[in-house]
Amino acid sequence: MRISAIAPPIRRAIAAKSSPNYGIFADPFSLFCSNFHSKDRLFSPNFKRDLNCESEVDEAILLFRKMVRMRPQPPIFEFTKQLKVIVNMKQYSVALKLFDEMRELGAPVNEYTMTILINCCCNLKRVDVGFAVFGIILKHGYEANVTTFTTLLKGLFLDDKVADAEKLFKKILTLKLCEPNDVTILTAIDGLCKAGRVHTAHDLLLLLEKTIYKPNVKAYNAVINGLCKGGMVDDALQLKSRMIDEGLSATVVTYTSMIQGLCDFGRWKEVKDLLNEMVNNKISLNVVTFSILVDAFCKEGNVKEAEDVLEIMKQQNIRPNIFTYSALIDGYCLQGKMDKAKEVFDSITGNGLKPCIVAYNSLINGYCKNGKVDEAWRLFLEASSKGLEYLDTITYTTMIHGLLSQGRNADGWKLYKDMEARQVNPNLRTYNTLLEGLCKTRQISEAFSFLKMIEDKGVSPNIVTYGILINGLCKDGKLEDAKKLLNELPSKGLEPDNHIYNVIIGSLCEEGFVDEAKDLLIKMERSGCAPNSMSYNIIIHCLLKKKKLDKAIPFLEEMHKKGFFADASTSSMLINHLQGSKKDDVLLEMMKKAVPKI
């Protein structure tokens, strides 16, 4: 569907480990020293701060220390309020250090102060210490309130203890430890969704519907967003209808998540329907919704439509953000229009925005994919000169891939070493990129040594990793080793995909083992990985190349039965064969079926 179809609705939509000897009034408060190794302590005399807000933090610290030394001391709520100011700056280690000073000088504390303390521990991913503080609260007769439990719940999710978080929330419900509020419910639901447990979150949502703790629209939105991100758009649409039946109204967040999900699958008619629904419900699109539409059009190669959406935004005084511009940059890069992409990049500053790493990554990736690695490198150095915060794992991985794809292997590996030296953590995609570089240059033994190094670092290779290695083995004439690795995949908890099977099939055909290739097609079917168009085209192409038309015909027939067509290369070889031989009615009839009509 083109912009002409969805533009009208857009325009209308605009109108631990605590000991019994620890006391809450211990002087000094020693809980943390006992729970942290010296190098990992949450705070120390040389605690780190974010320099971007150093002056504000210094002012807050100065005021706090004045309060602690005042006689008489201010009431406890003043200390709590000032600690909250520092916590809101995300200076958790600073807050813990000040709490220690506060206790040394005998300032009062209560359950609210301690909850702030738990929050700091949780945000520093030390929920174990948070639970130790929680134990101290209970020991001294304070009642833990809903805020305390919600904070601990959040801490468990932040520390990737998802199962423990789920158990805690269910205990809160069943044992009535507190009255969960909207924030508690959202923390549980959203935490499960972000951890990939969308079905569990969905079931929990339905369970809560039957209790007095009714989920609000934000909880529904979290699950709808999780379903859409997981490709379960139909389930998300059903949940939206259920939410409305429960008496809740969908918001722009609800619609934005579903529009993203539908755009991902190219379901443009339903996108239009949702936009019209937003109009009817007087819900205006926001910058996120617009950016999703820009990104979706660009990914489909419809940059003109994306530009039209951008123009509508400007007409309605909705300011495009960095993600809107980055999507447009990606769109031009996909079309190879690098001058236009650079023009959009340069316009970011003129529109009152500061280019961030997202925009840099988009343009660097575009230059690399269009073979302009030197331009990408210049941009990479420019980003680097802006400060280390401008370089992330994606930037390095993209640049490494660009260098390796141009045969500049030494430069690629040098950049990888620089990445490690600057403590930018490589991810699996980085490692796969380097592995592919080794395999393409037939350094197979080095590739397997590198694989072992990756595993020693605790990184689990995925099916892409093994696909690269199997392809490398085949290209290096080591078909038997490739087949052996293929057979080992299930024991590693991985199932071969079409790409891996097709690589092996191609090598088998090249070596003349056509019957074995056919057996592998059958094995694919039985393993639940059905052969695709490429599987058949590889075999047919190889047989035609060896002038074995009689053996190719059965595969052509089978391919046709499965609804696949010959690709351009196979079609060309079939036509050449027909022209260079006597009249062959069987081949002609087969070509009418297998060669797509132009």
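Tutor: A helix here is a DSSP run of H or I with at least four residues, and helices are numbered from the N terminus. The model is predicted.

Start with the second largest pocket, which holds about 280 Å³ of space. Its lining has 15 residues, and those nearest the centre are Lys475, Asn502, Val503, Gly506 and Ser507. Three helices each supply at least two residues of that lining: α26 (463-475), α28 (498-510) and α30 (533-545). Of the elements involved, α28 gives the most, with 6 residues. By type, the lining of this second largest pocket divides into 5 nonpolar, 6 polar and 4 charged residues.

The largest pocket can be described in the same terms. About 480 Å³ of space lies in it. It is lined by 22 residues, with Gln260, Val288, Ile292, Asp295 and Phe323 nearest its centre. Two or more lining residues come from each of α12 (217-229), α14 (252-264), α16 (287-299), α18 (322-334) and α20 (357-369). Among the contributors α14 gives the most, with 7 residues. The lining of the largest pocket is made up of 8 nonpolar, 9 polar and 5 charged residues.

Next, the cysteines. How many disulfides does a search of the whole structure find? The search finds 0. A disulfide is a covalent bond between the sulfur atoms of two cysteines. The sulfur closest to that of cysteine 509 belongs to cysteine 542 and lies 4.6 Å away, so the two are too far apart for a bond; the cut-off for a pair is within 2.5 Å. Cysteine 509 has a relative accessible area of 1% and is therefore buried. Cysteine 474 is buried as well, at 12%, because buried means under 20%.

Helix α13 covers residues 233-245, which is 13 residues; at 1.5 Å a residue it should span 18 Å, and its end C-alpha atoms are 19 Å apart, which agrees. Its buried residues are Val233, Ala236, Leu239, Lys240 and Met243. These residues cover an arc of only 110° around the axis, so they sit on the same side of α13. Gln238 and Asp245 are exposed, on the face of α13 turned away from the buried side.

Notes. Residues are numbered from 1 along each chain as its sequence is written. This is a predicted model: local features need pLDDT of at least 70, side-chain atom pairs count only at pLDDT 80 or more; totals for chains, interfaces and linings use all residues. Side-chain values use heavy atoms; hydrogens and water are left out. On a 1 Å grid over the protein atoms alone, a cavity is a set of points where a 1.4 Å probe fits but cannot get out, and a pocket is an open set with protein on both sides within 12 Å along at least five of seven lines; lining residues have an atom within 4 Å of a point. Grid points are joined across faces, edges and corners, and a volume is the space filled by probe spheres set on the points. Ala, Val, Leu, Ile, Met, Phe, Trp, Tyr, Cys and Pro count as nonpolar, Asp, Glu, Lys and Arg as charged, and the others, Gly among them, as polar. Buried means under 20% relative accessible area, exposed over 50%, partly exposed in between (1.4 Å probe, protein chains only). The expected span of a helix is 1.5 Å times one less than its number of residues. The arc is that of the directions from the helix axis to the C-beta atoms.
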